[in-house]
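Okay, thanks everyone, I'll keep this short. Have a look at the model on the screen, and then I'll walk you through a strand, a pocket and a few salt bridges.

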Amino acid sequence: MEIRSLADTDFDTLYEAFAQAFADYEIHPGREELRKMLRRRGFAPELSFAAFDGDRIAAFTFNGTGIRNGLPTAYDTGTGTLPAYRGQGLASPIFTCSIPLLKAAGIRQYLLEVLQHNPAAIAVYRKMGFETTREFNYFGQEKRLVRIPGKQPAIPHAFRPIDLDAVRRLAGLLDFRPSWQNDDESVARAGGDLVRFGLFRTDTGEPLGYCICEPASGDIARLAVDSRFRRQGIGSALLRHALGTIAADSVKVINTETGSEPITQFLRSANLLLKGKQFEMVRKL
């Protein structure tokens, strides 16, 4: 077994390894969905690593890179082991071998998310020196079963596309900082894969809220309403508009902070089901 970077590994090989490693998971990204996911999360093949059995990938960690809290950061965008190689403890040596290479590339911290119903993985990460920083919920539902809570806003309003600069200016509408895959860098990397729109007062031009979603996958990356205008149908209008752009059969909202009651209550009222929880964990390098 040899551990080496994925710099020279073609995408089809990466996809086949990913598909096999996650074949028994609830969600099965297709080839193009995986390509979009890796792009959005900042996948860096030269700083991603795998254990190879000859020419075959046995286990892997796909790393994204970016800036988080002012520090160059690596993000675990997918760690998996193929079924035939499970039980051999390959994830730990892959991570251990990657640390000096990540440090040499200027990376100063490593960020990941782990499902709370995977205590074995949590124990391994804690043993490696990771500390829990936040707790996230993730929601999902078939598109046809999503309910639009509330009524139409009485405030005169109109939807308008928004650019990345507007997304940054509207950061104050958020109740919590988005997770890695939903932050400004990831939104910028995703480009045209995401739809961005705001809801504005037509009398004053004031922004009331905004939404960012991925039509192909049904992922709603952000849905934010100005706290002064909540419970007036703004969130419902944004969700209704988002559903109109989503081509997927299901809708998901991943990594809302558990302490944010407004978004939790809103999603539950829309019949988006709480599918599970994650820990956000960080290790300084």
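This is a predicted model: local features need pLDDT of at least 70, side-chain atom pairs count only at pLDDT 80 or more; totals for chains, interfaces and linings use all residues.

Residues are numbered from 1 along each chain as its sequence is written, and side-chain values use heavy atoms, with hydrogens and water left out.

So, strand E10, residues 219-225. Seven of its seven residues are buried (under 20% relative accessible area; exposed is over 50%, partly exposed in between, with a 1.4 Å probe and protein chains only), so the strand is largely enclosed by the rest of the structure. E10 runs antiparallel to E9, residues 207-214, with six bridges joining them; for two strands to pair, DSSP has to find at least two bridges. Cys-211 has Leu-223 in E10 as its bridge partner. Four residues sit between the strands of this hairpin, and Gly-218 has a positive phi near 80 degrees.

Now, which element gives the largest share of the lining of the second largest pocket? That's E10, with six residues. A pocket, on a 1 Å grid over the protein atoms alone, is an open set of points where a 1.4 Å probe fits, with protein on both sides within 12 Å along at least five of seven lines, and lining residues have an atom within 4 Å of a point. In total 33 residues line this one, and Leu-223, Val-225, Pro-262, Ile-263 and Phe-266 lie nearest its centre. Besides E10, the elements giving two or more residues are H7 (234-245), E11 (250-257) and H8 (261-269).

On to salt bridges: a side-chain nitrogen of Lys or Arg within 4 Å of a carboxyl oxygen of Asp or Glu. The whole structure has 19. In one of them, Lys-252 pairs with Glu-33, closest N and O atoms 3.7 Å apart. Lys-252 counts as buried at 18%, while Glu-33 is partly exposed at 30%.

Glu-206 and Arg-228 make another, at 2.6 Å. Glu-206 is in the loop between E8 (195-201) and E9, and Arg-228 in the loop between E10 and H7, so the pair ties together parts 22 residues apart in sequence.
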